[in-house]
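This report covers charged side chains and their pairings. Inspect the model first, then read on.

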Amino acid sequence: MSVVKINVLTVPAEQRETLEKRFAARAHAVENSDGFEWFELLRPVEGTDTYLVYTRWRDEASFQAWLEGPMKAAHRGDTEGERSKPAASGSTLWSFEVAQQAAPKGE
């Protein structure tokens, strides 16, 4: 079964727009990676300053290959023409294996 990586980002209110713009600018950086299955950027709606970056991968090796290749390359540059400060003030990576899953009937 797949592996899920959730990057937990602490983002101050004044940096939310910057974070979302940066993700939008790199929207397709992950989609062609071998073993990539899914991506979602989850915006907090109340009571927290934590964004969740959800990705699902075929296996751990696929995630590691992306992490060491395309992800590093995407984070080297910056959409503003120079490397700028991170929008997040903290980051934690959670890792999971998919133990069970379900989809709507008929899909």
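How do the side chains of R58 and D59 meet? They form a salt bridge, 3.6 Å from N to O. A salt bridge here is a side-chain nitrogen of Lys or Arg within 4 Å of a carboxyl oxygen of Asp or Glu.

## Basis of the model

This is a predicted model: local features need pLDDT of at least 70, side-chain atom pairs count only at pLDDT 80 or more, and totals for chains, interfaces and linings use all residues. Residues are numbered from 1 along each chain as its sequence is written, and side-chain values use heavy atoms, without hydrogens and water.

R58 lies in the loop between β3 and α2 (60-76) and D34 in the loop between α1 and β2, so the pair ties together parts 24 residues apart in sequence. Helices (H or I, at least four residues) and strands (E, at least two) are DSSP runs, numbered from the N terminus.

D34 is exposed, at 59% relative accessible area. R58 is partly exposed at 39%, and D59 is partly exposed at 29%. The cut-offs: buried is under 20%, exposed over 50%, partly exposed in between (1.4 Å probe, protein chains only).

## R43 and E20

The count of salt bridges is six. One of them joins R43 to E20, closest N and O atoms 2.7 Å apart. R43 sits in the loop between β2 (36-42) and β3 (50-57), E20 in helix α1 (residues 16-25). R43 is exposed at 53% relative accessibility; E20 is partly exposed at 24%.
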